[in-house]
Each structure stands twice: as C-alpha cells, then as structure tokens.
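Subject: Structure handover

Hello,

I am passing on the structure we spoke about. Please open it alongside this email and follow the residue names as you read.

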Amino acid sequence: QVQLVESGGGSVQVGESLTLSCTASARAFSSWAMAWFRQAPGKEREFVAAISYAGERTKYAGSVKDRFSISRDNAENMVHLQMDNLLPEDTGVYYCAAGPSYSSFTSDYWGQGTQVTVSS
C-alpha cells in the first residue's frame with residue numbers, strides 16, 4: 001500500500017514558477033517509479049513527467065519539456081516537480097502517481113491532487 005500526498009499548488013501569473021512536492025508513505029520507496037499527471041477542466045488526465053527508481057532517468061510530455069523538471073529524494077520518500085515559465089495551459093489539478101514500471105508507466109497509486117492555476 002502506498003499513500004501519496006501532494007503539496008505546493010497555488011495561483012501564479014504567466015512566466016512564474018512553482019514547485020510541487022509529493023510525500024509517499026511506502027516501504028521500499030525506491031522500488032517505485034514515480035510520475036506526475038495533470039487534468040485540466042473538461043479534459044482527460046494527461047501524463048506530465050516520470051522518474052525512474054533511483055532518479056537516473058526522466059521523461060516528459062512535449063508540452064512541458066525544457067520548462068518542468070522532476071526529481072526525487074529516496075531518503076525522504078519525496079518526489080518534486082519544478083515548474084518554470086508557467087503558461088495558462090498548465091492550469092489544472094496535478095496528481096502524483098506511483099507505478100512498478102518506469103519504461104511503461106502505469107499507476108498503481110494516486111494522490112488526491114493539488115490545484116495549479118496560471119493567470120495571464
């Protein structure tokens with residue numbers, strides 16, 4: 001069983017930055033690939049970024065590549081999403097997810113989500 005709790009969401013202006021954090025209560029946290037997804041109003045949930053077990057590999061959706069950075073701290077059971085140069089289309093609820101496979105990420109566990117709102 002893995003419980004995930006996100007934090008760090010908020011309201012910002014275009015071009016500003018936010019850092020989201022996800023704290024996991026899990027044994028062997030480093031055995032889980034971690035990812036961030038988001039869901040905009042009226043749209044389906046979409047993949048944002050993923051990180052491998054020790055953090056040596058990362059991948060991103062094309063829309064956030066070069067603006068967002070995912071990282072993890074296995075000693076603290078945490079994963080972070082640094083979001084720079086935010087755009088209105090980044091608005092949505094951001095979810096932390098844990099899954100067994102980094103290469104073909106599917107989520108076994110979800111957090112409750114944190115709202116990010118970007119205004120122009």
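This is a predicted model: local features need pLDDT of at least 70, side-chain atom pairs count only at pLDDT 80 or more; totals for chains, interfaces and linings use all residues.

**The open sheet**

Four strands make up an open sheet, and their order across it is β1-β3-β8-β7. The pairing in this sheet is antiparallel. Strands β1 (3–7) and β7 (68–73) are the edges, each with a pairing on one side only. On average, neighbouring strands here are turned by 15 degrees against each other, with direction ignored. As background, strands of a sheet pair through backbone hydrogen bonds, either parallel or antiparallel.

Five bridges connect β1 with β3, which covers residues 18–25, and the two strands run antiparallel. One place to look is Ser7, whose bridge partner in β3 is Ser21.

**Strand β9 and its partners**

Strand β9 spans residues 92–99 and is mostly covered, with seven of its eight residues buried. Which strands does β9 join through antiparallel bridges? One is β4 (residues 33–39), joined to β9 by seven bridges. Trp36 is placed opposite Cys96 of β9. Another is β11 (residues 114–119), with three bridges to β9. There, Tyr94 faces Thr114 of β11.

Glu6 belongs to strand β1. The backbone nitrogen of Gln112 is reached by the Glu6 side chain at 3.0 Å.

Leaving aside neighbours within four places in sequence, the contacts of Glu6 include Ser21, Cys22, Trp36, Tyr94, Tyr95 and Cys96. Also among them are Gly111, Gln112, Gly113 and Thr114.

Gln112 itself sits in the loop between β10 and β11. With a relative accessible area of 49%, Gln112 is partly exposed. Not counting residues up to four places away in sequence, Gln112 touches Leu4, Val5, Glu6 and Tyr95. For orientation, Gln112 and Ile51 are 61 residues apart in sequence, and their C-alpha atoms are 19 Å apart in space.

**The salt bridges**

Side chains of opposite charge can pair when their charged atoms come close. How many salt bridges does a search of the whole structure find? The search finds three.

Begin with Arg38 and Glu46, whose closest N and O atoms are 2.7 Å apart in a salt bridge. Arg38 counts as buried because its relative accessibility is 5%, under the 20% cut-off. Glu46, by contrast, counts as partly exposed, at 36% relative accessibility. Glu46 is in strand β5 (residues 46–51). Apart from neighbours within four places in sequence, Glu46 is in contact with Phe37 and Arg38. The C-alpha atoms of Glu46 and Lys65, 19 residues apart along the chain, are separated by 14 Å.

Arg38 also meets Asp90, in a salt bridge of 2.9 Å from N to O. Asp90 lies in the loop between β8 (78–83) and β9, while Arg38 lies in strand β4, so the pair ties together parts that are 52 residues apart in sequence. Both residues, Asp90 and Arg38, are buried.

Asp90 has a salt bridge with Arg67 as well, and the closest N and O atoms are 2.8 Å apart. This pair links distant parts of the chain: Arg67 is in the loop between β6 (58–60) and β7, and Asp90 is in the loop between β8 and β9, 23 residues apart. Arg67 is buried, as is Asp90.

Taken together, Arg38, Glu46, Arg67 and Asp90 are linked in a network of salt bridges.

Regards

Conventions
Residues are numbered from 1 along each chain as its sequence is written. Side-chain values use heavy atoms; hydrogens and water are left out. Two strands pair if DSSP finds at least two bridges between them. Axes are lines fitted to C-alpha atoms, for helices over the stretch in contact, and angles run from 0 to 180 degrees between N-to-C directions. Buried means under 20% relative accessible area, exposed over 50%, partly exposed in between (1.4 Å probe, protein chains only). A polar contact is a pair of N or O atoms within 3.5 Å; within protein, one must be able to donate a hydrogen and the other to accept it, and residues adjacent in sequence count only if both atoms are side-chain atoms. Contact means heavy atoms within 4.5 Å. A salt bridge is a side-chain nitrogen of Lys or Arg within 4 Å of a carboxyl oxygen of Asp or Glu.
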